[in-house]
Protein chains: 2
Amino acid sequence: MKQPIRVALDAMGGDHGVAVTVEGAARLSTEDRPVRVLLVGDEAQISAELAKHRYDPAWIQVVHASGGAIAMDDKPQVVLEGRPDCSINVAARLVRDGEADALVSAGQTGATILAAGKTFQRLPGVRRAALASVYPTENRHGPRGDPFALILDVGATLTATAEDLVGFAVMGSAYANVISGTVSPKVALLSNGTEANKGTPEIIEAHALLSRPSALNFHGNVEGLDIPRGTVDVIVCSGFLGNVVLKMLEGVSEVVSDIAKDAYARKFLWKLGLTMLSQGLRQLKTMTDWKQYGGAPLLGLDKVVIKAHGRSNARAIRNAVKVAAKAVEGDLSGRIARGMLEVRGGAPIDPASGGPPPAG
Amino acid sequence: MKQPIRVALDAMGGDHGVAVTVEGAARLSTEDRPVRVLLVGDEAQISAELAKHRYDPAWIQVVHASGGAIAMDDKPQVVLEGRPDCSINVAARLVRDGEADALVSAGQTGATILAAGKTFQRLPGVRRAALASVYPTENRHGPRGDPFALILDVGATLTATAEDLVGFAVMGSAYANVISGTVSPKVALLSNGTEANKGTPEIIEAHALLSRPSALNFHGNVEGLDIPRGTVDVIVCSGFLGNVVLKMLEGVSEVVSDIAKDAYARKFLWKLGLTMLSQGLRQLKTMTDWKQYGGAPLLGLDKVVIKAHGRSNARAIRNAVKVAAKAVEGDLSGRIARGMLEVRGGAPIDPASGGPPPAG
């Protein structure tokens, strides 16, 4: 039997802290296909919380971190200076030192990115790590027909050079392949027109670089329209643009949800209407709930890092740990490294080389 | 009685050409508060179309343009070279020469911007013209409670300097004031965080410039979340970003509409549900129809230019002409010119100076 995958979970991170991280780990420990979770944080708090849940101690280990948690409104830089033993730093070191295979945190995004960035190495050929996020789409993706696509960067960078965008394309393609099982994910640049000459100079240059023969299934440029439609599996853009797009999707889902709630509260007849429409509205409602699915990977480092949403519940934490384990099993980092090598060479692919996306 | 406002309408422009432009002008001519419309294009086609409608000839004049129409897939540059007498060029010259007060076209956006840009002058202090668009929001705006806000630039520029963004803020504020009657429109920069130091260098610098005392009601930065919510009356961004945002809103409205249609067609019970929910859904449906409201102003030139949507029907054309007339009556260009002078000076406002937004 092969060695089980071990995930270091920042037990203190997230809006609900140990209450949901411990519950998520406890639930997972009693499932058919558990993952070994290292709960990193204040030992007393974690133990007290563990006592409230049924769990299998064979799959859970508590690792004490004496430096407490990073609060959502702390400056991210505190992870670099002054708080060496906060839970996210201790969890990252466990991964660096080979005591765990992947890092998961629902804590502050900036602090997580900084802690991972200073503790792990960038993969060869990767200039900058990128944070990716799934988002809901009308079209379905991958062999399971997921109603989600991937967009990156959504906040690890601000601006992006053409080379950065090419790297994001490689990393996003590898992730969609490993996590969704999409054999040859369609990747596109987000621009203000589909033609090769549309966009900022960086986008136009990235378009040219990505148009060279490679293992990537490059779809050219897509427009804003294509985001909710889900025309492609992976959308590539600067972190600034990705941040605006992602928050806008969040805003749209809030508005849809407000309107539905409003209708629901105001009139009894509407309640009936809502019930009848539930199947149609469920599709809209996935937009409200999609943050609960698996978390956002930080791509481009030599270790797997999954940033779960701050508002994660126990189920979302459990999902993020599962996704992290899947990324380790699927050799995400190796795939990205090979893909970067191949795309930077610009050489035609050798189908046997295993660069992303591999044929299967 | 004061001189009636005269609008030069590119009768050939838009997906439906003379069929809807002529009908729109005809309808308006018989209303209580008509606007004088110069229908510019192929005289024979326009006359044949006019014969199909009831109209008041006192308010309609046909001006022949021998150069035909610019097709949606023509290169925009043809308006500069080779097609001097196409309808959009002839209409723009009528405005330049004082025979009309404003230009309206449902034709190709690029060609309209180029024709206006070469024929009209930029207002003093305006570095670059910007195309603005209304879009649907959850919050209401202005004294009439419009469920719309304004975003610019959405496509006249690609990137924007800090000075360009300041100009867009002035122009958007003046437009919201004149058209929606909002006394002191809230204006904000679109960024990846609300703090003053968030965003690209251009945005951070524009934030500093706009934070100086002025007649503008500057709200700081807003995020993607604030777009559908409608936190502010006017959102300012680069043309690249505005294009992505606007097309994304269009995509979301299409997806919502697809889901509703799908539900409607598939199950009879859902039909009942839809009817009951109609008030709630109407709010969502305005997202599908909002392109019909009034068109997009090209701001920063010495003449009023309204770009109606290519898919405009007769009602949308009529609305665009009314908006153009309102902008002329409200002295939009004068307000923008005064606003640019004031904001560039950076001096504290004299409330009597009439810079935008004026107090009433």
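Which residue stands opposite L39(B) in strand 3 of chain B? It is V62(B), and the views below show where that pair sits. This is a predicted model, in which local features need pLDDT of at least 70, side-chain atom pairs count only at pLDDT 80 or more, and totals for chains, interfaces and linings use all residues. Residues are numbered from 1 along each chain as its sequence is written, while chains are lettered from A and ligands numbered from 1 in the order in which they are written.

**View 1. Strand 2 of chain B and its partners.** Welcome to strand 2 (residues 36–41) of chain B; strands (E, at least two residues) and helices (H or I, at least four) are DSSP runs, numbered from the N terminus. Strand 2 of chain B pairs in the parallel sense with strand 1 (residues 6–10) of chain B over five bridges, and with strand 3 (residues 60–64) of chain B, again parallel and over five bridges. Strands count as paired if DSSP finds at least two bridges between them. V7(B) stands opposite V37(B).

**View 2. The two faces of strand 2 of chain B.** Six of the six residues of this strand are buried, so it is largely enclosed by the rest of the structure. A residue is buried if 20 or more other C-beta atoms lie within 10 Å of its own, exposed if 12 or fewer, and partly exposed in between, with C-beta atoms placed from the backbone. R36(B), L38(B) and V40(B) point one way, and V37(B), L39(B) and G41(B) the other.

**View 3. Helix 1 of chain B against helix 11 of chain B.** The axes of helix 1 (residues 18–29) of chain B and helix 11 (residues 314–329) of chain B come within 7 Å and cross at roughly 60°. Axes are lines fitted to C-alpha atoms, for helices over the stretch in contact, and angles run from 0 to 180 degrees between N-to-C directions. The two helices are therefore oblique to each other: angles under 35 degrees count as roughly parallel, over 145 as roughly antiparallel, 65 to 115 as roughly perpendicular and the rest as oblique. Residues in contact (C-beta atoms, placed from the backbone, within 7 Å) include V20(B) and L28(B) in helix 1 of chain B, and I317(B) and V321(B) in helix 11 of chain B.

**View 4. Helix 3 of chain A under cover.** Nine of the 10 residues of helix 3 (residues 87–96) of chain A are buried, among them I88(A), N89(A) and R93(A). Its cover includes strand 1 (6–10) and helix 4 (109–119) of chain A. G98(A), with a positive phi near 80°, follows helix 3 of chain A.

Key:
Contact = placed C-beta atoms within 7 Å. Right-handed = clockwise from strand over helix to strand, strands pointing away.
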